[in-house]
Structure formats: structure tokens, C-alpha cells
Amino acid sequence: MQPIPENAERRAALGAEITARTGLDAATIEEVLRAFYGAARQDPLLGPAFAGVEDWETHIANLARFWGSVALMTGDYHGQPMQAHRPLALTPAHFTRWLALFEATVRTRLTPEGAGHMLERARRIARSLEMGLIPLDLPARRVPAGAPA
Ligand code: HEM
């Protein structure tokens, strides 16, 4: 068997394999994103965080590129999600809710394989965003008795 080259051709081959295995493609991903963000905007906790989005079509297009890269190996997302979320003052509750809603959306709309593929990546990315954005609530360092304050 020919080794697959490390380039656009290789990404396309991997993407095609993922589509065959999961049923995911650009169109199903966009449909899921529209459903998810339609619900997220109405959500009492998440909705206010999205109130500042000025152009939803641009946001959906960015997310479609992001998920194409993450889930289908297209390699055409070049944004900075950490920076995009920094001004939003997100809390652990936002992440819990985001993931619950995302899970409900993908499980309703995708094959079990497609939902699993998206969910595994969403959980990993949510965790890394949450760890990058929210300082850990570690116990305060104990000052030994008698030490200067
Ligand atoms: C925890 C709740 C979350 C809230 C409230 C939230 C909200 C937002 C908002 C308001 C923006 C900026 C949109 C704009 O101004 O155009 C944004 C961007 C984005 N979000 Fe989230 N987000 C959350 C979690 C996540 C998670 C878990 C992911 C990925 C799995 C994600 C992926 C992205 C991406 C890719 C962008 C676009 C960044 C860019 O400009 O390239 N978000 N999000």
C-alpha cells in the first residue's frame, strides 16, 4: 500500500475516511451548528454571552471553518479561539451548559459515530478553553505560624 503523503492530499484522504465512517461532512456540520447556535442564543445562561455577536452569518462561517478543521481535517481555520473568548468572563457553568446543549444537538442530528466524533473534540477543546480562561480555585498557601505576613 502507498503511504499517504503529509499534505493537503493526506488531509483530504483522512477527511474522506472520517466522512465514510461517521456521515459527517461540511453540510451536516453546518446544519448542526445552525441548530446549536439557534438554541444557544435562546438559552438563559448562554444567550447573554452571545448578545454581542454582530454578524451571525460571519460567526457561523468561522465556526464552520473551525469545525471543518477540527472534525474533518480541512486545515483552513486560522483563528484564535482563546482570544475570542477572553472578554466574555465565562464561568465553569457556561462550559457545562454549552457542552450539555452541544451533546443534545449532535445526538439528535447526527449518526452515533458522527455525534461521538464531534463530542469527543468539543469536550477536549472546551476543557482546554476553560483551563486557559478560568483561573483554578486552588486553596490558599498556608503561611507557617510565626512567619512574617
Ligand atoms: C462556554 C460557552 C461559550 C460561549 C458563551 C461562547 C461564545 C462565543 C462568542 C460570543 C464568540 C465571539 C463571536 C463573535 O464576536 O463573532 C465565540 C467565538 C468562538 N467560539 Fe465560543 N463560546 C463558548 C464556548 C465555545 C467552545 C466550547 C468552543 C469550541 C468547542 C467554541 C468555539 C468558538 C470559536 C471557534 C469561535 C470563533 C473564534 C474566531 O473568531 O476565530 N466556543 N464564542
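Biologist: How far apart are the end C-alpha atoms of H7, the helix with 22 residues?

Modeller: Keep in mind that this is a predicted model. At 1.5 Å a residue, the 22 residues of H7 should span 32 Å. The model agrees with that, as the end C-alpha atoms of H7 are apart by 31 Å.

Biologist: Which residues of H7 are buried, and how wide is the arc they fall within?

Modeller: Buried here takes 20 or more other C-beta atoms within 10 Å. In H7 the buried residues are Gly 114, Ala 115, His 117 and Met 118. Looking down the axis of H7, these buried residues line one face of the helix, because they fall within an arc of 155°.

Biologist: Which helices do the buried residues of H7 pack against?

Modeller: For the buried residues of H7, the partners are helices from elsewhere in the chain. They are H1 (8–22), H2 (26–42), H4 and H6.

Biologist: Let's move to H6. What span should its 18 residues have, and how far apart are its end C-alpha atoms?

Modeller: At 1.5 Å a residue, the 18 residues of H6 should span 26 Å. The end C-alpha atoms agree with that, being apart by 26 Å.

Biologist: Why do the buried residues of H6 line one face of the helix?

Modeller: The buried residues of H6 are His 94, Trp 98, Phe 102, Thr 105 and Val 106. An α-helix has 3.6 residues a turn, so residues three or four places apart point the same way. Seen down the axis of H6, the buried residues line one face because they fall within an arc of 90°.

Biologist: What covers those buried residues of H6, and which residues are exposed on the other side?

Modeller: The cover over the buried residues of H6 includes H2, H3 and H7. On the other side of H6, the exposed residues are Pro 92, Ala 93, Ala 100 and Thr 108.

Biologist: Where is Arg 109, and which residues does it touch?

Modeller: Arg 109 is found in helix H6. It counts as partly exposed, because it has 15 C-beta neighbours inside 10 Å. Arg 109 and Ala 35 are 74 residues apart in sequence, yet 9.1 Å apart in space, C-alpha to C-alpha. Leaving out residues up to four places away in sequence, Arg 109 touches Glu 31, Val 32 and Ala 35.

Biologist: Which residues of H2 are buried, and what do they pack against?

Modeller: H2 has 17 residues and reaches 25 Å from its first C-alpha to its last, close to the 24 Å expected at 1.5 Å a residue. Its buried residues are Ile 29, Val 32 and Phe 36. They are on the same side of H2, because they cover an arc of only 65° around the axis. The buried residues of H2 pack against H4 and H6.

Biologist: Which residues come nearest to the ligand?

Modeller: There are 21 residues around the ligand. By class, this shell has 16 nonpolar, five polar and no charged residues. The nearest are Ala 49, Phe 66, Gly 79, Ala 84 and Ala 126.

Biologist: What about Met 73: where is it found, and what is its phi?

Modeller: Met 73 is found in the loop between H4 and H5. With 17 C-beta neighbours inside 10 Å, Met 73 counts as partly exposed. Its phi is positive in a residue other than glycine, near 65°.

Biologist: Stepping back, how many helices and strands does the protein chain have, and what is its radius of gyration?

Modeller: The secondary structure comes to seven helices and zero strands. The globule rule gives 15 Å for 149 residues, and the chain is well over that, so it is more spread out than a compact globule. Its radius of gyration is 19 Å.

How values were computed: Residues numbered from 1 in each chain as written. Predicted model: local features only at pLDDT ≥ 70, side-chain atom pairs only at ≥ 80, totals over all residues. Near = placed C-beta within 6 Å. Nonpolar A, V, L, I, M, F, W, Y, C, P; charged D, E, K, R; others polar. Helix = DSSP H or I, 4+ residues; strand = E, 2+ residues; numbered from the N terminus. Expected span 1.5 Å × (residues − 1). Buried ≥ 20, exposed ≤ 12 C-beta atoms within 10 Å, placed from the backbone. Arc of directions from axis to C-beta. Contact = placed C-beta atoms within 7 Å. Rg over C-alpha atoms; globule rule 2.2 N^0.38 Å.
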